[in-house]
Amino acid sequence: MCNINYSKYFNLLEKMPVNQDVLYDELKSFFPHFCDNVDLFIEGLIALNMPIFRSQVRLRKNNEIYYMIDNKLENININDCELCFVDIETTSSRVESGQIIEIGAIKTKNCKIKHTFNSLVHSYYVPEDISKLTGINAKMLENSPKLEKVLERFVEFLGDCIFVAHNVSFDYDFISKSLVSIGKPPLLNARLCTLDLSRKTIISKKHALQYLNNLLGINNAISHRALADAMTSFELYKICALYLPHSVKNAKDLIAFSKGKIKYPKKL
C-alpha cells in the first residue's frame, strides 16, 4: 500500500477553485501511484460523484482557454451550471418493495439540451396499476438490461451535474438507495427541485407536473414515462428561470432560492 497524505489533499480542496494544471501537479505528489494517469484520476473522481466541478475560463490577454477545478456551488455561474433533469418509473413508491423500471434524463447547460439518456429496466413483474398509469408491462421489460447495468450507465451520464427533478427527493433517494442495494456508492450530487422552484415563481392552485404542463402551455402529450416527464420538467424550469430574481447569480443561489432560503427586502 502507498502512504497517501490525505490531509494535504483535503487542504487542497479547501483552496478551490484552483487551476486544473496546478491540481494535477499537486495530485502527483499526493498520489504518486497515479502519476501517469492524473487525467483519468480526476475523471474517476467526477464519475464517482465527487463534489468537484470543471469550469472553462478564457484569458483576456491571449484568448486562451484553461480549466479551473472547483467544489463550491457559489463559484458556478447560473449560465454555466450543468443540470441533469431526471425522472424514473417504478413498480412501487418504496425502494424496499419495488424497483426502477425506467430512467429518463436530459443533460442541459444554459437552457440548451446537450445529451439525453433513456432506458427501460428488466423486471419480471409490473403491478397492474403501474401498467395502466405508465403503459409499461412485464412483457416490454423481458429483454431490457438489468438494473445494475442501467444504474452504472446513468451514474456515468449524470457525472457531476446538478440532479434536477419534480419532487426531487423521490427520484434522487430512490436511485441512491438502489445504488447502495447493489453495492455501489450513493449519489453525492447537488440537487434542485422544480416543484419547489415552481412554487416560488409561478402562481397556480396546483404545482403537480402534469397540471403545470397544461396550465403553462408546455403541452407535452406524453406523461408518466421517464424521458417525457424529464422533458416536461426541463420546459418547466425554463419558464421558472424567466422569473428568477436578479440576486440569483450562481448554482448555490438557485438551490437556496428554490428552498425559500433567500431573504428579500421588505416593501415600503
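Leaving aside neighbours within four places in sequence, His-207 is in contact with His-166, Leu-195, Ser-198, Arg-199, Ile-202 and Leu-212 (contact means heavy atoms within 4.5 Å). The model is predicted: local features need pLDDT of at least 70, side-chain atom pairs count only at pLDDT 80 or more, and totals for chains, interfaces and linings use all residues. Residues are numbered from 1 along each chain as its sequence is written, and side-chain values use heavy atoms, with hydrogens and water left out.

His-207 sits in the loop between α8 and α9 (209-215). Helices (H or I, at least four residues) and strands (E, at least two) are DSSP runs, numbered from the N terminus. His-207 counts as buried because its relative accessibility is 13%. Buried means under 20% relative accessible area, exposed over 50%, and partly exposed in between (1.4 Å probe, protein chains only). A polar atom of the His-207 side chain lies 3.0 Å from the backbone oxygen of Ile-202. A polar contact is a pair of N or O atoms within 3.5 Å; within protein, one must be able to donate a hydrogen and the other to accept it, and residues adjacent in sequence count only if both atoms are side-chain atoms. His-207 and Leu-195 are 12 residues apart along the chain, and their C-alpha atoms are separated by 6.5 Å.

Ser-198 belongs to helix α8 (residues 194-201). With a relative accessibility of 0%, Ser-198 counts as buried. Residues up to four places away in sequence aside, Ser-198 touches His-166, His-207, Leu-212, Leu-236 and Cys-240. The Ser-198 side chain also reaches the backbone oxygen of Leu-195, at 2.8 Å. Tyr-243 is 45 residues from Ser-198 in sequence; in space, the two are 9.8 Å apart, C-alpha to C-alpha.

Two packed helices are described by the angle between their axes and the distance between the axes. For α8 and α10, the angle is about 30° and the axes are 10 Å apart. Axes are lines fitted to C-alpha atoms, for helices over the stretch in contact, and angles run from 0 to 180 degrees between N-to-C directions. The two helices, α8 and α10, are therefore roughly parallel to each other. Angles under 35 degrees count as roughly parallel, over 145 as roughly antiparallel, 65 to 115 as roughly perpendicular and the rest as oblique. The crossing of α8 and α10 is left-handed, a term used if the near helix is turned anticlockwise from the far one by less than a right angle, with right-handed for clockwise. On the α8 side, Thr-194, Leu-197, Ser-198 and Thr-201 meet Ser-233, Leu-236, Tyr-237 and Cys-240 of α10.

Helix α10 (residues 226-241) also lies across strands β4 (82-90), β5 (100-109), β6, β7 and β8. The helix runs at about 140° to β4. These five strands form an open sheet of mixed pairing, in the order β6-β5-β4-β7-β8. Two strands pair if DSSP finds at least two bridges between them. At the edges are β6 (112-120) and β8 (191-193), each pairing on one side only. The twist averages 25° from one strand to the next.

Strands β4 and β5 run antiparallel and are joined by nine bridges. Within this pair, Asp-87 has Gly-104 in β5 as its bridge partner. Strands β5 and β6 are also antiparallel, with eight bridges between them. Here Ile-103 stands opposite Ser-119 in β6. Strand β5 is mostly covered, with nine of its 10 residues buried. Phe-163 has Arg-191 in β8 as its bridge partner.

Most residues other than glycine have a negative phi. Exceptions occur in the model. In the hairpin of β5 and β6, which has two residues between the strands, Asn-110 takes a positive phi near 55°. Asn-167 has a positive phi near 60° and lies in the loop between β7 and α7 (168-181). At 40% relative accessibility, Asn-167 counts as partly exposed. His-224, in the loop between α9 and α10, likewise has a positive phi near 60°. His-224 counts as partly exposed, at 29% relative accessibility.
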